[in-house]
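Student: I would like to go through this model with you, one packing question at a time.

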Number of protein chains: 2
Amino acid sequence: MARVRYQELEDTIADTFRRAGMAEEKARICARFHAEASCDGVYSHGLNRVPRFVEYLHKGLVDPKAEPVRVRQIGPVEVLDGQRGPGVLNAATATDRALELASEHGVGIVALRNTTHWMRGGAFGWRAADRGKILIAWTNTESCMPAWGATDTRVGNNPLVMAVPRAKGHVVLDMAMSQYSYGKLQTTRLKDQQLPYPGGFDAQGVLTSDPGAIEASRRILPTGFWKGSGLTILLDILAAVLSEGLATHQIDQLDQGSCTGCSQIFIAFDPERLGSGEHMQEIVDGMAEYVNGSDPVDPAGPVTYPGQNTLRTRQNHLEHGVEVDDGIWQEVRELAGQAGDA
Amino acid sequence: MARVRYQELEDTIADTFRRAGMAEEKARICARFHAEASCDGVYSHGLNRVPRFVEYLHKGLVDPKAEPVRVRQIGPVEVLDGQRGPGVLNAATATDRALELASEHGVGIVALRNTTHWMRGGAFGWRAADRGKILIAWTNTESCMPAWGATDTRVGNNPLVMAVPRAKGHVVLDMAMSQYSYGKLQTTRLKDQQLPYPGGFDAQGVLTSDPGAIEASRRILPTGFWKGSGLTILLDILAAVLSEGLATHQIDQLDQGSCTGCSQIFIAFDPERLGSGEHMQEIVDGMAEYVNGSDPVDPAGPVTYPGQNTLRTRQNHLEHGVEVDDGIWQEVRELAGQAGDA
């Protein structure tokens with residue numbers, strides 16, 4: 001692990017995207033999302049994801065020039081076609097449009113279809129909260145885990161994001177519907193460790209904390225067993241129905257890479273427009289105090305609400321540099337044309 | 001276990017509610033929700049819950065005469081005050097109003113505050129789907145489990161409902177944010193069995209499948225460990241913020257029985273109004289076929305989507321009578337004034 005100044009990280013990533021065919025401004029925005037993900041400690045969808053995004057640009061799975069097109073608007077509900085443009089840009093556009101609609105109607109809903117990987121979903125929650133808005137958003141994905149009671153992978157992990165603004169630090173949840181990501185399985189296996197809690201079934205159908213056994217069986221566990229399995233199915237069909245886009249079973253048929261062709265929902269509320277802004281701060285501060293005041297299992301640390309630890313990581317990285325994996329950082333510098341500097 | 005004809009079940013429950021002070025029509029509707037819960041196999045919030053609801057009526061925790069009052073409407077968003085009326089009636093009113101608003105605006109949102117226990121949340125999902133609408137709804141509750149990393153109970157189990165209509169059988173998810181309910185722990189303990197998967201921590205902080213040990217420690221597990229803990233916190237504050245009602249930490253202070261004073265959200269979509277009705281049937285049928293076609297762990301049974309088993313149970317109970325616990329059935333008959341008939 002090395003430390004890289006935030007700005008250097010963002011600039012380098014932007015260079016890789018430009019060299020892969022993205023226009024200046026779009027490369028800059030995409031780079032910011034990736035750099036901020038690493039800065040917030042979400043390494044899987046930050047720097048570490050850059051080589052694959054560059055590969056997708058080269059393969060034409062993501063069209064760097066495509067922009068979302070409005071299909072229809074009915075009151076506060078708008079349907080956009082992402083035209084397989086960069087998922088981060090499409091999702092940012094959808095978020096911003098949902099916020100606009102919310103300012104007008106109290107609620108704003110954008111259903112985005114035919115888009116590509118949005119990288120770190122939580123980014124759109126932070127974005128909305130920074131603008132004083134509430135956001136509920138989710139995406140469907142290709143399948144990556146078995147439905148409950150099945151052995152073959154037919155449901156996605158369909159990340160769900162919920163964000164509520166708070167002056168003292170937003171509350172932001174960003175959760176996928178698998179108990180662990182395949183990335184987490186891999187890093188745990190490479191460290192020769194066991195998962196802290198069971199993460200799937202092995203080939204014999206026994207619940208296990210051994211990451212390698214789960215990678216081999218691909219029987220990764222839905223979060224909360226049958227519960228996450230059910231929730232991920234509903235998130236999938238809701239996204240596809242409301243956007244008139246593809247559901248997991250159709251994305252599987254496309255088979256064009258991670259999340260290519262997926263459907264996403266962005267539901268924004270404007271507390272000011274709804275007249276509940278002041279009440280909101282009371283509620284959220286009260287919750288934070290209550291949860292933080294829990295008796296902790298670990299005497300060292302307070303019990304936290306979603307998003308609380310993110311701000312600490314962000315502050316640390318902005319002060320001392322963002323933690324990066326040496327090998328991946330070198331790979332990305334080469335993609336940025338900085339190989340000679342190494 | 002005995003079997004009771006559906007109509008006899010509903011009529012008997014209606015009698016108990018009338019005798020506890022509810023008007024004829026309201027008693028009938030409340031009884032239908034309870035009887036239908038048992039008929040669908042959700043015994044915990046059907047017949048089994050009747051004695052407690054009657055007790056709440058007698059204690060004045062639920063006001064049988066109160067009706068929801070509109071606090072405000074902004075576009076497709078309406079805020080209702082439930083005035084601590086019967087939670088089932090308040091939630092049914094909120095659902096119906098959300099469906100109306102959705103017919104007009106594409107989406108309709110009702111935020112209901114100051115209400116009481118809605119019993120089986122899934123009922124409102126089935127209700128919406130029967131009318132061809134999509135529903136996302138949730139409630140907050142008093143605290144009943146520790147946040148992740150805590151030992152004392154400070155978060156609710158905040159049930160979440162999602163429903164999508166389908167001609168061949170609706171897709172309806174009804175999940176609480178604890179891995180198991182306390183009711184499940186109790187029935188498992190009484191049968192001297194272990195939970196199928198770990199359900200909490202014992203007093204020593206060890207993950208366990210022993211229901212009695214979890215009842216004693218009250219360290220019931222959030223569904224998916226840290227994930228359900230985060231999700232339940234967000235559902236809580238969203239419900240309280242949008243309804244300008246109480247959050248879990250405030251409901252705890254009230255301490256007036258299960259869910260008294262809680263906040264609820266009802267988000268309805270009208271697929272016809274949004275022009276996506278036909279697409280919806282394709283998506284949902286495609287999902288059902290895909291999930292049902294999974295390789296099952298149990299060769300005997302197909303892998304199912306949420307709601308699929310409910311219809312089978314309902315059909316069985318309508319044909320052969322609803323399964324009831326003998327002792328509770330006798331208790332409810334006595335509450336209905338039928339003791340002499342026994």
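Student: Which residues in α4(B) meet which residues in α5(B)?

Tutor: This is a predicted model, in which local features need pLDDT of at least 70 and side-chain atom pairs count only at pLDDT 80 or more, while totals for chains, interfaces and linings use all residues. Residues are numbered from 1 along each chain as its sequence is written, with chains lettered from A and ligands numbered from 1 in the order in which they are written. Helices are DSSP runs (H or I, at least four residues) numbered from the N terminus, and two residues are in contact if their C-beta atoms, placed from the backbone, lie within 7 Å. On the α4(B) side the residues are B:A91, B:A92, B:T95 and B:L99, and on the α5(B) side they are B:F124, B:R127 and B:A128.

Student: At what angle do helix α4 and helix α5 of chain B pack?

Tutor: Axes are lines fitted to C-alpha atoms, for helices over the stretch in contact, and angles run from 0 to 180 degrees between N-to-C directions. With the axes of α4 (residues 87–105) and α5 (residues 122–130) of chain B 10 Å apart, the angle is about 35°.

Student: Which helix gives the most to the side of domain 1 of chain A that touches domain 2 of chain A?

Tutor: By an automatic or database domain assignment, chain A has domain 1 (2–59 + 308–341) and domain 2 (69–178 + 222–274). In their contact, 14 residues of domain 1 of chain A meet 11 residues of domain 2 of chain A. Both α2 (24–39) and α12 (308–320) of chain A supply at least two residues of that side of domain 1, and the helix giving the most, with 7 residues, is α2(A).
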